[in-house]
Protein chains: 2
Amino acid sequence: MTFIMLGGYMGNVLRVDLSLGRISKEPLSEEMARKYVGTMGLGGRVLYDEVPPWVEPFDPANRLIFSTGPVTGSMTQTAGRHTVITKSPMTGYFGDASCGGYWGAELKFAGYDQVIVQGKATKPVYIWINDGAAEIRDASAYWGMDARETDRALCRDLGDKAVQVSCIGPAGENLVRYAAIMHDDAGRAAGRCGVGAVMGFMKLKAIAVRGHKRVPVANPDALREAILKVTSYYKESPQVQGLHAGGTPGYFAVGWSIGDSMSYNWQNENFKEFSQEKISWPGGYDLILAKTATCYTCLIACRRIANSGPDGPRKIEQGAEGVEYETLTFFGPSCGVDDVYTINKANDLCNLYGMDTISTASTIAFAMESFEKGLIDSKDTDGLALRFGNGDAVVEMVGKIARREGFGSLLAEGSRRAARTIGRGSEDFAMQVKGLEIAAHDPRAFQAGGGPHYATTVTGGRHTEGISLAFENFGAVSEPLGCPQPWDKAKSDPLQMVLVTKLFEDWVCMLNSMGYCYFSTEGRYGGKDDELNHISAYNAVTGLQMSVQDSLLVGERILNLRKAFNMRHGCTRSEDTLPKRLLTESNKRAGGAVVNLSQSLPEMYRLRGWDPATSKPTRAKLHELGLDDVAQDLWG
Amino acid sequence: MTFIMLGGYMGNVLRVDLSLGRISKEPLSEEMARKYVGTMGLGGRVLYDEVPPWVEPFDPANRLIFSTGPVTGSMTQTAGRHTVITKSPMTGYFGDASCGGYWGAELKFAGYDQVIVQGKATKPVYIWINDGAAEIRDASAYWGMDARETDRALCRDLGDKAVQVSCIGPAGENLVRYAAIMHDDAGRAAGRCGVGAVMGFMKLKAIAVRGHKRVPVANPDALREAILKVTSYYKESPQVQGLHAGGTPGYFAVGWSIGDSMSYNWQNENFKEFSQEKISWPGGYDLILAKTATCYTCLIACRRIANSGPDGPRKIEQGAEGVEYETLTFFGPSCGVDDVYTINKANDLCNLYGMDTISTASTIAFAMESFEKGLIDSKDTDGLALRFGNGDAVVEMVGKIARREGFGSLLAEGSRRAARTIGRGSEDFAMQVKGLEIAAHDPRAFQAGGGPHYATTVTGGRHTEGISLAFENFGAVSEPLGCPQPWDKAKSDPLQMVLVTKLFEDWVCMLNSMGYCYFSTEGRYGGKDDELNHISAYNAVTGLQMSVQDSLLVGERILNLRKAFNMRHGCTRSEDTLPKRLLTESNKRAGGAVVNLSQSLPEMYRLRGWDPATSKPTRAKLHELGLDDVAQDLWG
């Protein structure tokens, strides 16, 4: 029985308490759905309300929230996403990880918008959700299995190949802080913020889902019309077509040319030259590319499917998930590795163990620099010569991290904690913000917007929270968001880019919360009707009448809610900064730039309505966003 | 080689990094020793400096600091103590646990004032400190052993019965949040704040110590004189002699008579009458009392040594450590148990498993009330009828907690987290402050001082941070501290008691930091020269010329340093409160009192120089205390 009057929602939340073994179905609040939309918004409000500041990430009072958006599972484009929300073991603050594939849509078909998991089982369990019914089951037989094996074993044991599995591998079981939650035959990850480690702490191996319901659509005719517009736009857009052709690895050559893609733990040429041709696409990458694939209802089809590679220690399963841009850059040049088979292998191992490739590879690159500088030696690394370019060491270290063996156990804590242990100046080149390793987009290549963005991003070093990279370098348009025009990197006032960033960030919060993929539209493609089409589809699904400007306000509300969570949980203004390297060492490929925050950070606080002394959202701003109760929490 | 010019210090700090397997000797800073004295002060400054807010309690970047004071190991009275300091897994804030016995003195004899442990071993280890030399050794053979077995096995394997062992039992290994660190044949505990859980997280089973050095004394003649004064005072003091005769259990009958000792999870007669005679001393307690014992250089000799009890499931080893007052009250009336053998058994199990008896028993009592109220049932408790008075269930639950079996795993998280899981109003009777269970002194029996004390105590529900209990009820004098005189509970202004509490708290910080036992003098005995004698001995040992008023300033500095740690680590004014029960349900045996914080809490902030809106120490107060660098951290 559904009480919610908005289309797009199934109206039900599944709550599972693993400590007491209790499971219950709760109605979704329509008021909350209107205010916080879905995914990180709706789930974020649950996290804000249910997890007080004293709760630690590894804590039975933490929550692990699997949250869809209203368009998830509908027939519009890129509607297969869900987000996992928790207090992050990487940062200690708000954590979320978005995931593609098919699991989110399947959860809707099973009748639920959200699954809220709390507590901690004493023995391994999994949750089986089958067309509304749900139960906690023993998972002892699956504990220790890698993510792909788990996915297949559950489909087999549940007797239905169409079952969608969300699960952890050994890394999550072993509380590797940046463990991921894997989906879709270990191909799609809710990768960042350590959501898989929280799942492992809870002793929750998997959530298997199967359903046959349909997502209710308020206005099917309008939806059809919106879908037609989006798909025709996709067919015309050179950016979408580029993504279709090359996937995310196709960006690598571009990123390299503008200094956005880094080498040698962000030292770049300051350490050594790197030949990027051997791994870029088209080029060396073709050796490990078998074909392409797609997520639920997506014409972009940016997924790459891998070749196994030649026989030997680098061989992987033919048809496994291919290497993405971030993985390529970090396991490649940032570790000094130019062998695509090594990168292919490291990527596959991360998927099997269930680990975020960004944090894994970036932490290894950090350790390599520590080794090269003599801060650690082979006695510390269990005999491994952890030098840049040593592909064998990279592959071995991935396994040691996942199993928490020897030196791997220290790296399993992430670069911030590893640097705290290694000391002796290594913190200056631990490339993280708020404890989360920065993604493979160097803010020195778009410092006007990227600097204040990375410094203030609620979840740390993310690239999917609204970076201004494309706008800043290629002058994308994004008229519907109200971005200042025109922009000329050489001539325009760089502070303009702070406003662009702020608008992108708000938009991305809304985009994610509706249930869309980041690639669906983030203001980066520059199409005039781009955002409008997505809002149209959202309106058609839900029956609402939102404008793009309305949606920006909702996005801003969600961003500020997450920011307020951080402030309540001990985050301070001093966390709004970047690693020293980015502030002081120039990036030659990006024109010798460093990031200068002296003006852009205060400007971001001003635009955001955040108190310049403490970075807390002001009472006035929170009131404007309808967050008076949050203001009460922050200001009394 | 010692560079420190003050007597009392060995001049060396042992630093052990378990992640990298590194061990080093560092000189103790004389400046720090003068400013922060020892134990929680000197160790507290290390914690403050080395553990930033983003570090979690279970984190390789946390620290576990074993810290002595300057009088520790000297020949003055009660000089056997050390304190373990860490970021607490119970509270998430500053944590410390003081311990008697002989370990602290032995560490000094081995040449060290402090041991700082950091990192996390991948396999169980112990640290062996032998007359200056120190090494990390494999502890696989001891992992899983109980604390007594560990202590004896290490003495045996190291071939020296005089080796002093600090170790964890299975509770610490299993990360029971309130695991203790045991010493002295599992007889003396660094019990509170979960220090043993941090040790277990680090995979550190034990620190074994042996030494033959002497603690340097600046002025031996003056020390002899001071010792003579202290010992003659001890012989004359009726309070000290009472403690000698009855130990802490001797207080139970008194505590009961004034409503200080609670029953049925602090419900007292509101739930049911309890017959206290069967367990008090003299009385029923005599059945489990074999003899008395002492810690290093202590004439008080408050330790009780237990009888085994009759054959059967309650039998324990003859001569094991006896039941203390806190343990007696919580496993006794607070769990509704009036059988001394059950209490004796539960106490012994806690010592063997290595668990804080206060948090263990109080959390069980909380669960019993939840059971009686129908918030949980026998399906949740693995079939146990967890009703008040069910001694079998208490004993079984102690083991289940330590082993983290079934429902025991939830209770292993402490009452705050258990209540968060059980919900439905149970948080109102989870008897904790800041996550730490309140000791067995009911602030409703001394609400004028006890209310603001417990509400603001840095480490949560402690009874050893300077409670005004004796002063408030029996009008102790404490002239040297400057307490307002005279005090008449019936007639005096209750706000006077806030000042008394503040002075006691400052004094106790200094007393602890010098290395004295809390029972040595805490202003509660009322002897005129009491505090003076202890400062005289401290001056004689160190060569300093401190007055009692000087020492109060140092104590206040240490208290504010710990408070500042909390504020940096996310603690807010809203944590300065008490469980709802104490604010709203009257205690009949204490004259029907409830705690009223409306005036006393603001008064405490005023006296302390803490900002009334946020509870942060003001810049002016921190400046007065020589903590300008801390002010910079808190206020920018």
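Buried here means under 20% relative accessible area, exposed over 50%, and partly exposed in between (1.4 Å probe, protein chains only). The structure is a predicted model, in which local features need pLDDT of at least 70 and side-chain atom pairs count only at pLDDT 80 or more, while totals for chains, interfaces and linings use all residues. Residues are numbered from 1 along each chain as its sequence is written, chains are lettered from A and ligands numbered from 1 in the order in which they are written, and side-chain values use heavy atoms, with hydrogens and water left out.

Figure 1. Helices (H or I, at least four residues) and strands (E, at least two) are DSSP runs, numbered from the N terminus. One side of β4(A) carries His82(A), Val84(A) and Thr86(A), the other carries Thr83(A), Ile85(A) and Lys87(A), and both faces are covered. Two strands are said to pair if DSSP finds at least two bridges between them. With β3(A) (residues 63–68), β4(A) pairs in the antiparallel sense over 4 bridges; Phe66(A) has Val84(A) as its bridge partner. With β5(A) (residues 94–99), β4(A) runs antiparallel and is joined by 6 bridges, and Lys87(A) stands opposite Phe94(A). The strands β4(A) and β5(A) form a hairpin with 6 residues between them, and Gly92(A) in the turn has a positive phi of about 80°.

**Figure 2. Surroundings of Arg314 in chain A.** Arg314(A) is placed in the loop between β14 (303–306) and α10 (325–331) of chain A. This arginine counts as buried because its relative accessibility is 16%. Its side chain makes a polar contact with the side chain of Asp392(A) at 2.6 Å. A polar contact is a pair of N or O atoms within 3.5 Å; within protein, one must be able to donate a hydrogen and the other to accept it, and residues adjacent in sequence count only if both atoms are side-chain atoms. Leaving aside residues up to four places away in sequence, Arg314(A) touches residues including Ser308(A), Asp339(A), Tyr341(A) and Lys345(A), where contact means heavy atoms within 4.5 Å.

**Figure 3. A salt bridge between two loops of chain A.** Asp356(A) and Arg192(A) form a salt bridge, their closest N and O atoms being 3.0 Å apart. The pair links distant parts of the chain, 164 residues apart: Asp356(A) lies in the loop between α11 (340–353) and α12 (357–372), and Arg192(A) in the loop between β11 (188–190) and α6 (195–201). A salt bridge is a side-chain nitrogen of Lys or Arg within 4 Å of a carboxyl oxygen of Asp or Glu. Asp356(A) is buried, with a relative accessible area of 5%, and Arg192(A) is buried at 6%.

**Figure 4. The interface of chain B and chain A.** Contacts join 39 residues of chain B to 39 residues of chain A. The two chains bury about 3,000 Å² between them, 50% of it on carbon and sulfur atoms; buried area is the accessible area (1.4 Å probe) that two parts lose on being put together, summed over both. In chain B, Trp54(B), Glu56(B) and Arg420(B) lose the most area to chain A, together 24% of what that side buries. The count between the chains is 10 salt bridges. One of them joins the side chains of Asp59(A) and Arg417(B) (2.6 Å, N to O). Another salt bridge, between Arg417(A) and Glu56(B), has its closest N and O atoms 3.7 Å apart. Arg417(A) lies in helix α15 (residues 415–422) of chain A and Glu56(B) in the loop between α2 and β3 (63–68) of chain B, so this pair joins two chains. Both Arg417(A) and Glu56(B) are buried.

**Figure 5. Helix α4 of chain B.** Within α4(B) (residues 147–157), the buried residues are Ala147(B), Arg148(B), Thr150(B), Asp151(B), Ala153(B), Leu154(B) and Cys155(B). They pack against β7 (125–130), β9 (164–167), β10 (181–183), β12 (204–210) and α11 (340–353) of chain B. Asp146(B) caps the N-terminal end of the helix, with a side-chain oxygen 2.9 Å from the backbone nitrogen of Arg148(B). After α4(B) comes Gly159(B), whose phi is positive, near 70°.
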